[in-house]
Amino acid sequence: EHYFFKLSKFSGKLKSWLKKAPLQPEIKNSVKGWLEKGLEDWCISRDGPYYGFKIPGETDKYFYVWLDAPIGYISATKNLTKNWESYWKKGKVIHVIGKDIIYFHFLFWPAMLDGAGFKKPDDIIVHGFLTVNGKKMSKSRGTFFTAEDFLKLYSPEALRFFYAQHLSKKLADIDLDFENFKETINNKLVANLANFCYRTLSFSAQRYKGDVIKVKEEKLEKEVDKLIEKVKQNYQNFNYKDAISNILRISDIGNVYFQKAEPWKDTENKQAEVSFCINLVRNLSILIKPVLPE
């Protein structure tokens with residue numbers, strides 16, 4: 001004998017939620033397929049020996065791990081704030097998960113929340129897997145390594161930049177190809193973004209002691225402001241790939257502007273141009289911080 005959760009009774013509510021929520025189209029189609037087949041009631045108990053929580057009143061029965069695992073999200077929030085209940089009932093709730101646990105998060109979990117009087121998630125972002133040099137992670141093939149192993153070779157910031165540069169709100173795997181990794185860091189992070197910031201700040205420090213003066217570059221300012229707004233939207237929409245692309249466009253503008261200004265030829269009259277570049281560096285440092293916190 002086992003305990004069951006009456007999942008079948010939530011089909012209508014799940015269909016309605018699926019229509020309204022801004023979920024990824026490819027995920028919506030998968031979940032629709034399951035709903036159209038008809039949902040069976042969900043067995044939520046397991047006979048011992050079993051890890052996890054014992055069912056109160058039973059001697060050798062446990063809750064199925066996927067019943068209690070997502071409840072940990074709520075427990076974690078309770079540890080964070082006294083307003084945990086308000087957060088889950090009125091706040092904006094977004095989950096970020098891997099593609100192998102779609103079934104649990106798009107069917108069981110929303111139904112559980114609904115049954116317990118909580119709102120369903122506003123959005124669930126599903127990501128693909130990480131492959132290494134085009135292959136699945138595997139210890140036997142030598143394509144498996146830990147974060148600790150990675151730190152022996154490179155900065156975590158470099159990996160964060162690489163991931164962000166390939167990560168969007170799409171169900172796609174990311175391949176950590178080390179040649180591509182090297183090219184991305186050297187040609188985009190270092191040669192573009194870091195190069196502009198370094199040359200601007202070092203030149204200003206050497207020639208103007210880091211002082212800035214007022215400057216107006218209205219046309220370029222408007223162009224940069226539009227890109228800044230795009231970056232904000234990219235972050236809000238979980239499109240990190242586009243955020244990085246727009247950030248690099250701003251540093252492109254800076255690199256071209258600095259090169260055209262040629263401040264090294266006329267130091268006395270170019271402080272305004274260098275000051276404009278310093279403002280760009282300031283903006284870039286803020287925009288890139290979610291990806292490069294250090």
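**View 1. Lysine 89 reaches over the ring of phenylalanine 118.** The charged end of lysine 89 lies 5.2 Å from the centre of that ring. A charge counts as sitting over a ring if NZ of Lys or CZ of Arg is within 6 Å of the ring centre and within 35 degrees of the ring normal. Arginine 46 gives another case: its charged end sits over the ring of tyrosine 64, 4.0 Å from the centre. Keep in mind that this is a predicted model, where local features need pLDDT of at least 70, side-chain atom pairs count only at pLDDT 80 or more, and totals for chains, interfaces and linings use all residues. Residues are numbered from 1 along each chain as its sequence is written, and side-chain values use heavy atoms, leaving out hydrogens and water.

View 2. Rings of Phe, Tyr and Trp (its six-membered ring) pair if their centres lie within 6.5 Å; planes under 30 degrees apart are stacked, over 60 edge-to-face, and the rest tilted. Now look at phenylalanine 203 and phenylalanine 258, an edge-to-face pair with 5.9 Å centre to centre and 90° between the planes. Phenylalanine 203 is in helix H9 (residues 178-208) and phenylalanine 258 in helix H11 (residues 240-261), so the pair ties together parts 55 residues apart in sequence. Helices (H or I, at least four residues) and strands (E, at least two) are DSSP runs, numbered from the N terminus.

**View 3. Helix H6 carries a kink.** H6 (residues 102-115) has 14 residues and reaches 19 Å from its first C-alpha to its last, close to the 20 Å expected; the expected span is 1.5 Å times one less than the number of residues. Where does the kink lie in H6? Find phenylalanine 108, shortly before proline 110, where the kink is about 30°. The bend at a residue is the angle between axes fitted to the seven residues ending there and the seven starting there. In H6, 12 of the 14 residues are buried, so the helix is largely enclosed by the rest of the structure. Among the buried ones are Trp109, Pro110 and Met112. Just after H6, glycine 117 takes a positive phi of about 85°.

**View 4. Strands E5 and E6 run parallel.** Two strands pair if DSSP finds at least two bridges between them; E5 (residues 94-98) and E6 (residues 123-127) have five. Across this pairing, isoleucine 97 stands opposite valine 126. His95 and Ile97 make up the covered face of E5, while Ile94, Val96 and Gly98 make up the uncovered one. Together, E5, H6 and E6 form a right-handed β-α-β unit: with the strands pointing away from the viewer, the path from the first strand over the helix to the second runs clockwise.

**View 5. Three strands build an open sheet.** Their order is E8-E7-E9, with mixed pairing. Strands E8 (135-136) and E9 (174-176) are the edges, each pairing on one side only. E7 (residues 130-132) pairs with E8 in the antiparallel sense over two bridges, and valine 132 stands opposite lysine 135 there.

Notes
Buried < 20%, exposed > 50% of the residue type's maximum accessible area, 1.4 Å probe, protein only.
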